[in-house]
Amino acid sequence: MKAFNFLTKRAFYIHLLIAIALVVIIIESVFLSLNSYTRHGEEIVVPDFVGLDCDSILDIYGDDFNFVLMDSIYSRTFHEGSIFQQDPMPGSKVKKGRNLYYVKISEGPERVIMPNLRNLSLRQAIVSLRSNGLKLESLEYVEHFAKNAVVEQMFDGSVINPGEEIVKGSSLKLLVGLGSGDKRTHLPNLLTVKKENVKDNILEASLNLGKEIYMDNDEKGKYRVYKMEPAYDIKTLVPLGSEVNVWYRSESKFDFDSYGRELFKKDSVLTVMKKKKLSDDTIKYVTDSFDYIITHRLFQFDSISREYDKSLILKRDFFEYIYRDDTIDRNTLNELINNGIKANYNYYYED
């Protein structure tokens with residue numbers, strides 16, 4: 001029992017009380033320091049920083065938040081150097097000193113890496129340019145054994161090598177091979193095509209966009225192709241890289257739906273006539289007649305112009321049928337061609 005004699009001594013209890021007091025003091029000190037470190041009970045509301053200048057926000061709120069930049073992006077709708085996105089979201093309650101993650105609008109245009117287009121086909125090169133946010137401005141055909149193979153890629157008059165940085169949206173020129181065979185290509189049919197699609201259609205056909213003539217004034221810019229030069233024909237071949245001139249009219253002033261139906265009627269009728277192996281004189285007569293009517297019709301939306309358009313028909317049963325209906329019954333059309341059109345018709349128009 002001598003081992004527990006210390007329990008009867010006063011000094012033991014004094015030391016025990018001192019130890020307990022020290023433990024309590026240490027625990028309280030730890031909690032107080034934690035409260036101070038974590039700012040327990042000190043919450044602030046996160047403001048909406050989106051669209052505001054990043055540098056100014058960091059200066060004003062630098063003591064309240066620890067700003068962490070996550071990414072920089074390019075945008076045409078936000079100002080350069082402004083905050084595009086933030087986390088936590090506006091209105092959130094957080095402790096002072098909390099990390100605030102943000103995405104910033106880059107100062108300057110977005111840049112991309114130039115792809116390697118050399119030795120690709122023209123079609124592959126166009127796809128690659130689009131996927132990288134770049135544009136094709138024009139084509140130059142040069143002597144090369146592979147037709148429509150990309151020989152060189154040019155930007156601003158100089159060669160641009162793969163891997164170089166270039167501003168996104170830039171337009172390039174491609175040097176393309178002529179090949180060793182036929183150096184001609186078919187014209188694309190641009191009639192009634194919307195302006196925003198014209199250049200792509202021309203370039204994809206191994207041609208270049210020439211002059212653009214606007215026949216109407218449209219503030220909304222809703223233009224479509226009214227005429228092209230060379231004129232479209234399914235059999236026409238033009239040299240690779242040739243220029244195609246286009247005339248635009250406003251779809252808010254010109255009835256392109258009716259115009260397109262007339263063009264379709266012409267193509268459908270001529271297709272049937274060729275299948276029936278009618279004479280060249282007959283086909284020329286019908287072609288000239290259609291061209292006259294299509295060229296001279298107003299295709300306006302007002303009732304007076306529409307009545308005028310209806311009066312521009314040849315006084316023969318065949319054309320009265322064609323212009324009376326918007327659709328074509330092939331069987332009836334065959335009968336009209338067989339019975340109503342003769343190769344010895346005189347070529348004249350009735351205005």
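Rings of Phe, Tyr and Trp (for Trp, its six-membered ring) are taken to pair if their centres lie within 6.5 Å, and a pair counts as stacked when the planes are under 30 degrees apart, as edge-to-face when they are over 60 degrees apart, and as tilted for the rest. The structure described here is a predicted model, in which local features need pLDDT of at least 70 and side-chain atom pairs count only at pLDDT 80 or more, while totals for chains, interfaces and linings use all residues. Residues are numbered from 1 along each chain as its sequence is written, and side-chain values use heavy atoms, with hydrogens and water left out.

The protein contains nine helices and 16 strands, where helices (H or I, at least four residues) and strands (E, at least two) are DSSP runs numbered from the N terminus. Of its 351 residues, 35% are buried; buried means under 20% relative accessible area, exposed means over 50%, and partly exposed lies in between, as computed with a 1.4 Å probe on protein chains only. Among contacts (heavy atoms within 4.5 Å) between residues at least 6 apart in sequence, 72% join residues at least 24 apart.

Under the ring rule, the count comes to 16 aromatic pairs. The rings of Phe254 and Phe299 have centres 5.5 Å apart and planes at 55°, so this pair is tilted. The two residues, 45 apart, link distant parts of the chain, since Phe254 belongs to the loop between strand E16 (243-250) and helix H5 (256-275), whereas Phe299 belongs to the loop between helix H6 (280-296) and helix H7 (303-311). Phe254 is buried, with a relative accessible area of 1%, and Phe299 is buried as well, with a value of 3%. A further pair, formed by Phe256 and Tyr259, is edge-to-face, with 6.1 Å from centre to centre and 80° between the planes. Both of these residues lie in helix H5, three residues apart, which is about one turn of the helix, and Phe256 and Tyr259 are both buried. Elsewhere, Phe49, Tyr61, Phe65, Phe67 and Tyr102 form one aromatic cluster.

Charged side chains were also examined, a charge being said to sit over a ring if NZ of Lys or CZ of Arg is within 6 Å of the ring centre and within 35 degrees of the ring normal. The charged end of Lys227 sits over the ring of Trp247, at 4.3 Å from its centre, and Arg249 lies over the face of Tyr226, at 5.7 Å from the ring centre.

A nonpolar core is a set of buried Ala, Val, Leu, Ile, Met, Phe, Trp, Tyr and Cys residues joined through side-chain atoms within 4.5 Å. The largest such core has 22 residues, of which Leu190, Val198, Leu207, Met228, Val244, Val246 and Tyr259 touch the most other members. At least two residues of this core are supplied by each of helix H4 (195-204), strand E14 (223-229), E16 and H5, and the largest share, four residues, comes from E14. Apart from this core lies another, of 20 residues, among them Val112, Ala125, Ile126 and Val150. Five of the seven residues of E14 are buried, so this strand is largely enclosed by the rest of the structure. E14 and E16 pair in the antiparallel sense over six bridges, two strands being paired if DSSP finds at least two bridges between them, and Arg224 stands opposite Arg249 in E16.

An open sheet of three strands has the order E2-E5-E3, with mixed pairing. Its edge strands, each pairing on one side only, are strand E2 (65-73) and strand E3 (83-87). E2 runs parallel to strand E5 (residues 98-105), to which eight bridges join it, and Asn66 stands opposite Asn99 in E5. Helix H2 (residues 54-61) packs on this sheet, touching E2, E3 and E5, and its direction makes about 170° with that of E2; axes are lines fitted to C-alpha atoms, for helices over the stretch in contact, and angles run from 0 to 180 degrees between N-to-C directions.

A second open sheet is formed by four strands in the order E7-E11-E8-E9, and its pairing is also mixed. Here the edge strands are strand E7 (135-142) and strand E9 (158-159), each of which pairs on one side only. Seven bridges join E7 to strand E11 (residues 171-177), and these two run parallel, with Leu139 standing opposite Leu174 in E11. Helix H3 (residues 122-131) lies across E7, strand E8 (150-155) and E11, running at about 155° to E7.
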